[in-house]
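Colleague: I am new to this structure. Could you take me through it in questions and answers?

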Amino acid sequence: MKIAVLVKQIPDPSGVGKLDPHTHLLARDQGEVVLDPGDSYGVEAALQVAAATQGEVVVISMGPAKAVEVIRKAMAMGASEGVLITDERLRGSDALTTARVLAAATKKVQPDLLIACTESTDGYTGTVPSSIAELLGWPSLTFAKQLEVSGDKVRIHRQTPNGHDVVEAELPAVVTVTGGINEPRYPTLKGIVASRSRPLDQPTLEELGIDPSAVGQAGAGQRIVSVEPAPQRAGGEVVEDQGQAAKRIADYLAELKVI
Amino acid sequence: MAKKILVYVELAGSELAPVSLEVLTKARQLGTVEVVVLDPGASDAVAMLGAYGAATVYAGEDATYRAFVAQPAAAAVAALVEEHHPDLILFGATYDGRDICARLSARLGLTVVANAIDVELRGQEFTAVSSIFGATQTVLIELGGPSPCVLLRPKSVTAESASGPPPRVVKVPLPPDAPRGARRVESVVVPASGPKLEEAKVVVSGGRGLQDPSNFELLEQLAGLLHGAVGASRAVVDAGWVPYARQVGQTGKTVTPDVYLACGISGAMQHTVGMKGAKHIIAINKDREAPIFKICDLGVVGDALKVVPALISELESRGVAG
């Protein structure tokens, strides 16, 4: 079985993100870029399905040229091939355009199953996977906290506010996984060495059948018109606990009439 | 001419979902409200929808909408959009809302803003307000193209009813070519005691600083004394210590209690975005530099595993009983 998995390179989430004050696009030049931590669950889920079905994993990403680093990281974890769509004209694309490009790439790869994480850690839009499913005419099984493939069926436990639904569909399908669905493996040294020689396809927009004039900021149905710091809470009193802190908290709760 | 706002409304059991009431309240401020509700119980919701300002209700009661996730609903909403051309489409940012909105967007080529906290009408154009980077920055996004879609985060708006005439009800059939897709085979509800996390006046939350899943029992005890609910950070949910239903933050629940007590939580943006709307925040953390201390009203630099049991004893000695 062929499993495709979507990955994204994002600014290191432990730093504070910034938008370029002029273009209102994500300032991608600052700091380290990393594999979105959410995506490591997706890659692990794909590798587990591949192992269970004697299949292989193809990792797909759209982003700047250095997104190749996160594709190599997924390869070091065990993915056998990569597809990177990188084009200056894509900068500023909205979620719908991103879905169109990734759907076209998925069509080229022709997987039985496409896995993604539920939302990226930087943009957290979360609509791209289901939009891809719609463009491909595939079912989508989202918010999976458990995933099982048997024969031509996929079955998940879909997160709900109070528990989960068991949801199933026939392949091909799109599945999005939540954090905690598995324990992502670390790349081994052998994996890192092997990843350097794994094939990487870099199709152009034209090869994917995407109209370059309809992507990027020009193709986006929305435009950021301003960015402002959000009002922040002011910090209050901070005390060191020397045995008295519990009493101080209790006094505060009494003051607030909670007790 | 008044703008036409189409609102996708969800039911929770036989009631309207709380987030749908919030979205309706926002929609009323923007124009004429038309509602689409696709659920076998849609008819029962009509009176309530009128009370929240719906002028028209498109009701689809086919059991398919409940049995299959998102795909049939997206096809039905798309048919309505093509027929009525709303100026704006609003969804609550829920599991189903997000999936249906994503499919609708792809089907008809409509732009989407997810995670909006507000929508404004500026001149003739809609502008969505969204907070990014853990709500440290606010962006204004001008929406263009036909029928832009906005997913409104829960608790962004306070739901208020309005007095209006009963809405016009239009039955909508299941589109004959609607794909079925993924089938809901079973629904499992994890029983929970005490007040609901989203509704509790007091929330006691725990993170990595509790060191071991068994220590969440301390928080249960404390929450019991304060008639509160227990929440958690993403780190401990991902680690499998507590169920996802407890998660507070960007990917979890947004809570706005009177008091939020963060125990052993550093205050990553991912978490604070879900709790910074609390009226009062108390934080206990070992690390003096933890970001949670920058937003709390009372901070204690100390070990939650010492402070929480001491607090429980202190409350008990003051005669507090749950």
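Modeller: A crossing is left-handed if the near helix is turned anticlockwise from the far one by less than a right angle, and right-handed if clockwise. This is a predicted model, where local features need pLDDT of at least 70, side-chain atom pairs count only at pLDDT 80 or more, and totals for chains, interfaces and linings use all residues. Residues are numbered from 1 along each chain as its sequence is written, and chains are lettered from A and ligands numbered from 1 in the order in which they are written.

Colleague: Is the crossing of α3(A) and α4(A) left-handed or right-handed?

Modeller: Helices (H or I, at least four residues) and strands (E, at least two) are DSSP runs, numbered from the N terminus. Axes are lines fitted to C-alpha atoms, for helices over the stretch in contact, and angles run from 0 to 180 degrees between N-to-C directions. Those of helix α3 (residues 95-109) and helix α4 (residues 128-136) of chain A come within 8 Å and cross at roughly 55°. The crossing of α3(A) and α4(A) is right-handed.

Colleague: How are α3(A) and α4(A) set to each other?

Modeller: Angles under 35 degrees count as roughly parallel, over 145 as roughly antiparallel, 65 to 115 as roughly perpendicular and the rest as oblique. The axes cross at roughly 55°. α3(A) and α4(A) are therefore oblique.

Colleague: Which element gives the most to the side of chain A that touches chain B?

Modeller: The contact (C-beta atoms, placed from the backbone, within 7 Å) takes 63 residues from chain A and 75 residues from chain B. Elements giving two or more residues to the side of chain A include α3, α4 and β12 (222-229). The most, 8 residues, come from β12(A).

Colleague: Which residue in β17(B) is opposite A:Val238?

Modeller: β13(A) and strand β17 (residues 298-301) of chain B run parallel, joined by 4 bridges. In β17(B), the residue opposite A:Val238 is B:Gly299.

Terms used. Two residues are in contact if their C-beta atoms, placed from the backbone, lie within 7 Å. Two strands pair if DSSP finds at least two bridges between them.
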